[in-house]
Amino acid sequence: MAKIQRPEGSRRGLIWATGAFGAGVLLNVDRVPYWVPIAALVFVVWRLMAASQLRRLPGVIIRSVLALLLVAGVLVRFHTLNGLSAGTALLILMGAVKLLETRAQRDQFIVVAVTVFLLLAACLDRQGLVHAPLYLLHAWLCCVALAVVAYAPTAVSAPIPAFDDRAAMLLAGRSLLFALPLAVMLFVFFPRLPGAFWAIPRSDEALTGLGDSMSPGSISELTTSYDVAFRAHFEGPPPPPQERYWRGPVLHEFDGYTWKRTARSFASVEPLKYLGPEYRYRISLEPSARHWWFSLDTATGSPEPKVYFTYDYQLISKEPVKEGTHYSLVSYTSTRAMQPLAPLARRYDTDLYGNRNPKSRALAVKLRSGVTSDSAYVRTVLELFRTGGFQYTLTPPRLGFDSVDDFLFDTRLGFCGHYASAFVLMMRAAGVPARVVTGYLGGEWNSIGSYFIVRQSDAHSWAEVWLDGRGWTRVDPTAVVAPERLRRGILDILPNAVSARARFVWSQPWLGALLQRWDALNTAWNDRVIKFNFADQLHLLQQLGIKSPRAEQLGWAFGAGLVGWMLWIAWQVGRGAPRSRPDKLARAYIALCKKLGRAGVTRESHQGPLAFAGELSKYRPDLPDDVHSLVLRYARLRYGRTERESYLAEVRQFEQEVSRLALRARASETPHR
């Protein structure tokens with residue numbers, strides 16, 4: 001059986017396909033190990049050098065060994081071939097190996113297809129507005145490469161009109177513009193399934209934000225970050241600055257140095273009496289790979305079934321937050337308990353776990369003995385912080401084994417975590433139930449988008465104590481030492497404690513204003529495009545006049561739009577189709593047929609050149625031999641395989657011979673009659 005000879009790919013097609021592949025690698029360069037794009041770059045250079053006859057391509061054995069080694073490298077790095085990062089790395093490496101065997105036009109098509117999948121991988125990973133122009137540019141580049149590969153002349157293809165790079169770029173641009181209305185209709189009307197299409201597990205996601213424990217210095221390390229934790233959109237007036245406490249993990253267990261969350265639950269959520277104004281708002285939570293959802297202290301319940309509302313008023317998601325999340329809440333900044341504290345919860349939140357920090361315990365017992373109520377004792381300890389020479393700093397000295405003793409009696413320098421830890425210990429040592437609450441304080445107002453931006457640098461911790469008749473009451477000892485912290489951010493109080501990037505942005509008002517505008521634009525993109533869901537689709541149908549929209553009506557709307565788009569495409573193609581004008585070879589053949597018609601030989605419209613030549617030989621042997629050979633030569637030039645240079649020369653010769661041909665006029669007749 002004869003081996004099929006595939007068309008050889010053109011060098012120009014190889015260059016465009018390789019360029020598109022390289023751009024696809026760059027789109028994913030920050031999501032894969034550093035050695036993956038380096039290996040891909042080496043293979044790209046190798047293939048281009050081989051195209052320039054500077055180096056030979058590797059054989060089958062070497063390519064196979066390279067592929068096996070690269071797959072093994074991905075397995076060693078990720079311990080799997082599944083997942084977005086591992087799959088992207090494998091796709092880049094296998095596409096690079098494919099370049100080393102790219103010879104035929106079919107191989108170039110495969111490389112372009114790999115490039116399209118690299119674009120899809122980047123879209124699945126990041127959907128920010130800043131990436132959208134890059135994705136559009138790369139989609140256009142893929143279309144250009146596809147056009148160049150498809151239309152480039154090959155060794156076995158018939159000559160085609162010139163199709164240069166500019167023509168390929170214009171064709172790719174027009175194709176994308178024609179596809180844009182269809183993409184918009186798919187986005188708006190195609191029924192969406194619950195959940196995000198790109199919710200792919202990412203096992204290598206780094207942890208950011210507040211953790212489930214707090215030790216001296218842990219929160220101060222977090223405040224050096226200028227990254228956004230979440231954004232808050234209020235439906236009405238926001239709470240005043242001194243009440244913008246955003247609740248996160250609540251810490252109960254203390255070993256003398258570190259506070260930790262507990263996995264135990266002592267009771268269901270106690271009913272509360274909500275006091276003061278109601279705040280309705282929407283949180284746009286950034287990915288953190290943590291389980292906590294933040295709320296204005298205190299929320300009235302869980303926003304979704306997959307989120308637990310714990311007995312200590314935390315929001316704990318079943319799944320870690322690995323992609324941007326939006327949820328709506330109702331909160332009250334002032335509450336009162338309607339039931340007494342359960343005995344088990346009281347015992348748990350007064351436990352000191354061991355004998356560490358003896359000096360602090362003794363001080364607590366002494367101070368408590370001098371007052372008549374828990375409320376008075378709270379005020380006494382706060383007065384100790386106010387008048388005891390304590391200072392607020394992000395760079396306190398290192399504490400020893402008895403961390404609270406060192407802080408209260410020696411260093412007296414600390415951040416919010418130091419004050420909250422020491423305050424809660426002194427409460428428990430005096431028999432007052434207390435716990436540490438971590439979260440965020442304040443937020444930056446974005447006047448463009450009318451929302452608050454809460455950054456990691458706003459991380460904060462405070463205390464809650466149980467007071468009879470009031471219930472759990474927020475007490476922030478940091479506010480006693482640094483009262484300006486309630487109204488100002490960490491950048492205003494300790495600008496040198498944050499990162500250099502944050503300091504630079506804060507010191508340039510024009511840059512801060514520019515970043516606010518960009519953040520508002522990017523937030524609108526995330527809310528209205530990235531998070532556009534089935535509920536938003538139904539709401540859009542309501543705005544279009546449908547009172548009770550359903551999924552079926554979305555399908556009808558999409559079908560109608562699709563028919564309209566197809567009609568528009570048909571009209572555009574018909575309007576833009578060039579009027580057919582015969583080329584030089586066709587014009588010469590038409591002139592030959594006209595001369596034969598005047599000589600009494602009429603070619604039927606359905607007759608091809610070979611059939612016409614056969615009829616001439618059979619029924620008109622009186623015609624000169626040149627006539628039969630000219631018809632056969634036309635068939636060979638039109639449908640045969642000829643090098644372009646010799647093709648042009650033969651066409652000119654064909655034109656000349658047709659113009660010199662002289663036939664005697666005769667009554668017209670068809671050859672077979």
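Two strands pair if DSSP finds at least two bridges between them. Helices (H or I, at least four residues) and strands (E, at least two) are themselves DSSP runs, numbered from the N terminus. With that in hand, let's take a walk through this chain.

First, some ground rules. This is a predicted model, where local features need pLDDT of at least 70, side-chain atom pairs count only at pLDDT 80 or more, and totals for chains, interfaces and linings use all residues. Residues are numbered from 1 along each chain as its sequence is written, and side-chain values use heavy atoms, with hydrogens and water left out.

**The whole chain**

The protein chain has 23 helices and 20 strands. Of its 673 residues, 45% are buried; buried means under 20% relative accessible area, exposed over 50%, and partly exposed in between (1.4 Å probe, protein chains only). The accessible surface comes to about 34800 Å², and 60% of that belongs to carbon and sulfur atoms. Those areas come from the Shrake-Rupley method with a 1.4 Å probe, and for residues only the protein chains shown count as cover. Now for contacts, meaning heavy atoms within 4.5 Å. Among contacts with a separation of 6 or more, 74% are between residues 24 or more positions apart.

**Strands side by side**

Strands of a sheet pair through backbone hydrogen bonds, either parallel or antiparallel. Look at strand E2 (residues 228–234), where six of the seven residues are buried. Which strands does E2 pair with? Five bridges join E2 to strand E7 (residues 279–285), and the two run antiparallel. Four bridges join E2 to strand E18 (residues 451–455), again antiparallel. You can check this residue by residue: Phe230 has Leu285 in E7 as its bridge partner, while Arg231 has Ile453 in E18.

Elsewhere there's an open sheet of three strands, in the order E8-E11-E10, with antiparallel pairing. Strand E8 (292–293) and strand E10 (307–309) stand at the edges with a single partner strand each, so one side of each has no neighbour in the sheet. Two bridges join E8 to strand E11 (residues 315–317), and Trp292 stands opposite Ile316 in E11.

**Nonpolar cores**

In soluble globular proteins, nonpolar side chains tend to be buried together. Here a nonpolar core is a set of buried Ala, Val, Leu, Ile, Met, Phe, Trp, Tyr and Cys residues joined through side-chain atoms within 4.5 Å. The largest one has 42 residues, and those with the most contacts inside it are Tyr377, Phe385, Phe423, Met427 and Val465. Elements giving two or more residues to this core include helix H11 (374–387), helix H13 (416–429) and strand E19 (459–467). The largest share, 10 residues, comes from H13. Apart from this core lies another, of 36 residues, among them Trp16, Val44, Ala145 and Phe163.

In helix H18 (residues 534–543), Gln537, Leu538 and Leu541 are buried. Seen down the axis of H18, the buried residues fall within an arc of 95° (taken from the directions from the helix axis to the C-beta atoms), so they line one face of the helix. At the N-terminal end, Asn533 caps H18, with a side-chain oxygen 3.2 Å from the backbone nitrogen of Ala535. Just after H18, Gly545 takes a positive phi of about 110°.

**Some residues in loops and helices**

Asn357 lies in the loop between helix H9 (343–348) and helix H10 (358–369). The Asn357 side chain reaches the backbone nitrogen of Val404 at 3.0 Å, a polar contact (a pair of N or O atoms within 3.5 Å; within protein, one must be able to donate a hydrogen and the other to accept it, and residues adjacent in sequence count only if both atoms are side-chain atoms). Ala150, meanwhile, sits in helix H6 (residues 132–151) and touches Gln105 and Phe109, not counting residues up to four places away in sequence.

Most residues other than glycine have a negative phi, and most peptide bonds are trans. His79 has a positive phi near 65°, and Ser450 has one of about 60°. The peptide bond from Asp297 to Thr298 is cis, with omega near 15°.
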